[in-house]
Amino acid sequence: MNAIARFIYPFANYLPKRARSFLVRRWNPANRQFLVPGLSFAHFIEHLDARAIAYAVLEGNANGPEVLISDWASDLVQPQTTRWPVGLPIRLYTPSGRPGTAYISPLAKQCGSNRIALFPNHLANGILDRAQAGTGQAKVPSARDAFFARAYRAAYLEGACCSWSDPKSQCATCVDHQRVLKQLAAEADVALPRKLTHESLDQLLGAHGWRPAGDLIEKAAEWAPWLHRAFPELQIGQRIEGPGVAAFFIREHALTNNLKGTILATLEEHGFDPLLVLDLEEHERAMVGREFRGGNWGQGPWNVDGGRPGCIVITLNRNPLPVPPEQKRRMRECDDWQIICAKEEARKRMIGGLERRAQYNGLHATDTSDQAWRVVRMVAPDQERALRRRINQIRRAAEAAQLAAASLQPSEHGTRLTAA
């Protein structure tokens, strides 16, 4: 089949778009990337070096080499890659999971909602900053980064399918992860836990700043069951709070453009009462950036980086709406459709009138009330009791108003009054 693809590839641009898409989907159902025919991996690396592109060659596997590159360079390497299965397979990743560079765990359902950045933004950028030329002259992660990157993938992404406490039940992937971890730990002079398990590896990663954000742990728990046991405080998969409370994160670029008022007005138009507006200090921006949104605050699919979270707005929607069935697959975690509507409308207003190359994502929001209260406990724990009291008061007043309105509903014989 690849021989046929290679024969047709030079004439691909002359085919109708639908025909091209059909052939690529048929011959490359996994949507993998390949270097264009005639381009070797060594020449690809030379291209990165010539363009001064920050990169780090990660550990390769049966699917070809893996390369982490900077966000801004993802468009520059497109001419060297293709989805046609005609050259050397390659996997490209970026810190914010730019289009075509996102990651899906092999243990997860292979669908769009499970796409994530391979590593949280600050960790990926750290790997790029510390990358150094290896024996083959291509830049590779430092010894410590190589170990922690492998440990991260083993604990949360790829090696979480078996119990590591029972060697007899482990699959080949988990066995290989443990073997390579021991080798990399020796090279990096990192002391491994005496008993290597997912839990002990997580403790080591957490001690060195490599544990993922809570919302990413929640997502990873879908394919890494051990996370349910290790993080009972996250109450993964449980809905403790009813819908209605949401936290909105206004990013730095929107604040720089003086759009805070526009965003707050948009939220109120969609029924969200701002109860608490927190302008974040520098150290708080860094902390919140690590702890929420999977640690991913890069530019993503947009052309400009929206920056870190600069302001958090805790809101109450008195009339939350269920997610429409046709959207539930894409927004399966969301407990209030109005969150999505308000967020998308605010984004439209932020980028209205901007050229495509200047557009950015300036707003993010939690998906559930449970996540919103986690934000409160992280950034304003002393405000939680007062917020809950105020929300209860608002809801009781709304219920009383509804009862009063119902008691005055007209009947066929005129206005119906009920005793108080």
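Below, labels on this predicted model are tested against their cut-offs.

Me: What are the ground rules for numbering and confidence?
Reply: Residues count from 1 along each chain as its sequence is written, and side-chain values use heavy atoms, with hydrogens and water left out. The model is predicted: local features need pLDDT of at least 70, side-chain atom pairs count only at pLDDT 80 or more, and totals for chains, interfaces and linings use all residues.

Me: Why is the pair Asp176 and Arg179 called a salt bridge?
Reply: The term requires a side-chain nitrogen of Lys or Arg within 4 Å of a carboxyl oxygen of Asp or Glu. Here the N to O distance is 2.6 Å, so the pair qualifies. A search of the whole structure finds 22 salt bridges.

Me: Where do Asp176 and Arg179 sit in the fold?
Reply: Both lie in helix H6 (residues 172-188), three residues apart, about one turn of the helix. Helices are DSSP runs of H or I with at least four residues, strands are runs of E with at least two, and both are numbered from the N terminus. Asp176 and Arg179 also belong to a salt-bridge network with Glu59 and Arg150.

Me: Why is Asp176 called partly exposed?
Reply: Buried means under 20% relative accessible area, exposed means over 50%, and partly exposed is in between (1.4 Å probe, protein chains only). Asp176 has 30%, so it is partly exposed. Arg179, at 48%, is partly exposed too.

Me: What makes Arg349 and Glu269 a salt bridge, and which helices hold them?
Reply: Their side chains meet at 2.7 Å, N to O. Arg349 is in helix H14 (residues 337-351) and Glu269 in helix H11 (residues 260-269), 80 residues apart, so the pair links distant parts of the chain. Arg349 is partly exposed at 35%, while Glu269 is exposed at 52%.

Me: How do you know whether Arg357 is buried or exposed?
Reply: Its relative accessible area is 66%, so Arg357 is exposed. Arg357 forms a salt bridge with Glu355, with the closest N and O atoms 2.8 Å apart.

Me: Why is Asp370 called buried?
Reply: Asp370 has 11% relative accessibility, so it counts as buried. It lies in helix H15 (residues 369-379). Leaving aside neighbours within four places in sequence, Asp370 is in contact (heavy atoms within 4.5 Å) with residues including Gln238, Arg239 and Arg377.

Me: What makes the lining of the largest cavity nonpolar?
Reply: Its residues divide into ten nonpolar, no polar and no charged. Among them are Ile116, Tyr152, Pro212, Trp223 and Leu227. Helix H5 (143-157) and helix H8 (214-220) each give two or more residues to this lining. The cavity has a volume of about 50 Å³.

Me: Which residues touch the most other members of the largest nonpolar core?
Reply: They are Phe119, Phe147, Leu201, Trp210 and Leu227, out of 49 residues. Such a core is a set of buried Ala, Val, Leu, Ile, Met, Phe, Trp, Tyr and Cys residues joined through side-chain atoms within 4.5 Å. H5 gives the most to this core, with nine residues. A second, separate core of 22 residues includes Ala247, Val379, Ile391 and Ile394.

Technical notes. 1 Å grid on protein atoms, 1.4 Å probe; cavity = no way out; pocket = protein on both sides within 12 Å on 5 of 7 lines; lining within 4 Å. Points joined across faces, edges and corners; volume = space filled by probe spheres on them. Nonpolar A, V, L, I, M, F, W, Y, C, P; charged D, E, K, R; others polar.
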